[in-house]
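Visitor: Hi, can you walk me through this one? I'd like to start with the charged side chains.

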Amino acid sequence: MRYTIILIFTLLVTNSSLAQVFPSELWHEGKMILANEEILKGKIKYDLQKDIVQVDTGEKIYTYSAKSIFYFEIFDSTVDSQREFYVLPYGLVSNYKTPVIFEVLVEGNITLLSREHITTKNVQSPYYYGSYQKEVLVYEYYFLDTEGNITRYHMKRKDLMSILSKRQKQVSEYMRANRLDHDKRNDLVRIIAFYNALI
């Protein structure tokens with residue numbers, strides 16, 4: 001009987017992890033502006049790992065690489081919010097800059113950018129001894145300054161304080177008063193928005 005229960009839980013966990021759908025795998029209502037200033041409206045599906053975007057205008061599905069795109073926006077029903085993406089020059093794997101798609105989370109004196117990708121992680125099962133593999137959505141964060149420089153954020157507090165050095169004391173007090181962490185997405189958005197309001 002015990003082994004039957006363990007087997008059922010294993011199947012449930014496996015099926016729930018397989019059934020997970022990520023925003024990049026869905027079509028969203030949106031609008032795209034191409035590098036040549038052409039505007040397309042319809043359903044949009046993006047893949048930041050490959051830096052490509054598809055647009056379904058109702059008549060045809062078009063596929064564009066980052067070098068052909070200036071901007072696109074979608075309404076993401078999975079989080080019930082509008083999301084904006086820009087293409088900016090950046091060296092992801094080397095110093096050689098190529099067009100890369102970034103999501104804009106906070107805009108201002110310091111702009112908080114994000115990229116996402118799906119990866120497989122080993123997760124400890126709450127139901128039985130052992131672990132299983134699960135696909136998870138992972139975010140990477142970047143800071144864009146007013147001079148156009150993009151810096152990858154490695155989720156270390158000292159790096160965050162270095163970027164926000166002009167108002168470091170006030171930011172630290174704000175984080176402490178509001179119990180904000182330097183490595184949580186929503187907290188990071190609040191921190192950068194607060195910093196920009198000060199500047």
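Guide: Glu 103 forms a salt bridge with Arg 83, with the closest N and O atoms 2.8 Å apart; a salt bridge here is a side-chain nitrogen of Lys or Arg within 4 Å of a carboxyl oxygen of Asp or Glu. Glu 103 lies in strand 7 and Arg 83 in strand 6 (residues 81-90), so the pair ties together parts that are 20 residues apart in sequence. Keep in mind that this is a predicted model: local features need pLDDT of at least 70, side-chain atom pairs count only at pLDDT 80 or more, and totals for chains, interfaces and linings use all residues. Residues are numbered from 1 along each chain as its sequence is written, and side-chain values use heavy atoms, with hydrogens and water left out.

Visitor: Are Glu 103 and Arg 83 buried or exposed?

Guide: Both are buried, meaning under 20% relative accessible area, where exposed is over 50% and partly exposed is in between (1.4 Å probe, protein chains only).

Visitor: Which residues are in the network of salt bridges that share partners?

Guide: Asp 76, Arg 83, Glu 103, Glu 116 and Arg 185 are joined into one network. Within it, Asp 76 bridges to Arg 83 with the closest N and O atoms 2.7 Å apart. Asp 76 has 0% relative accessibility, so it counts as buried.

Visitor: How many salt bridges does the count come to?

Guide: Eight. Another one is Asp 51 with Arg 115, at 3.0 Å between the closest N and O atoms. Asp 51 sits in the loop between strand 2 (39-47) and strand 3 (52-56) while Arg 115 is in strand 8, so this pair ties together parts 64 residues apart in sequence. Asp 51 is buried at 11% relative accessibility, and Arg 115 is buried at 7%.

Visitor: Ok, switching to the fold. What order do the strands of the sheet come in?

Guide: The open sheet has 10 strands in the order 4-3-2-1-5-6-7-8-9-10, with antiparallel pairing. Strands (E, at least two residues) and helices (H or I, at least four) are DSSP runs numbered from the N terminus, and two strands pair if DSSP finds at least two bridges between them. The edge strands are strand 4 (61-65) and strand 10 (150-153), each pairing on one side only.

Visitor: How many bridges join strand 1 to strand 5?

Guide: Six, between residues 28-34 and residues 69-76. Lys 31 stands opposite Glu 73 in strand 5.

Visitor: And which strands does helix 4 touch?

Guide: Helix 4 (residues 185-198) packs on the sheet, touching strand 7 (98-106), strand 8 (111-124), strand 9 (131-144) and strand 10; contact means heavy atoms within 4.5 Å. Its direction makes about 85° with that of strand 7, using lines fitted to C-alpha atoms (for helices, over the stretch in contact) and angles from 0 to 180 degrees between N-to-C directions.

Visitor: Which residues of helix 4 are buried?

Guide: Asp 187, Leu 188, Ile 191, Ile 192, Tyr 195 and Asn 196.

Visitor: One more: is His 28 buried or exposed?

Guide: His 28 is buried, with a relative accessible area of 3%. This residue lies in strand 1. Leaving aside neighbours within four places in sequence, its contacts include Pro 23, Tyr 46, Phe 75 and Asp 76.
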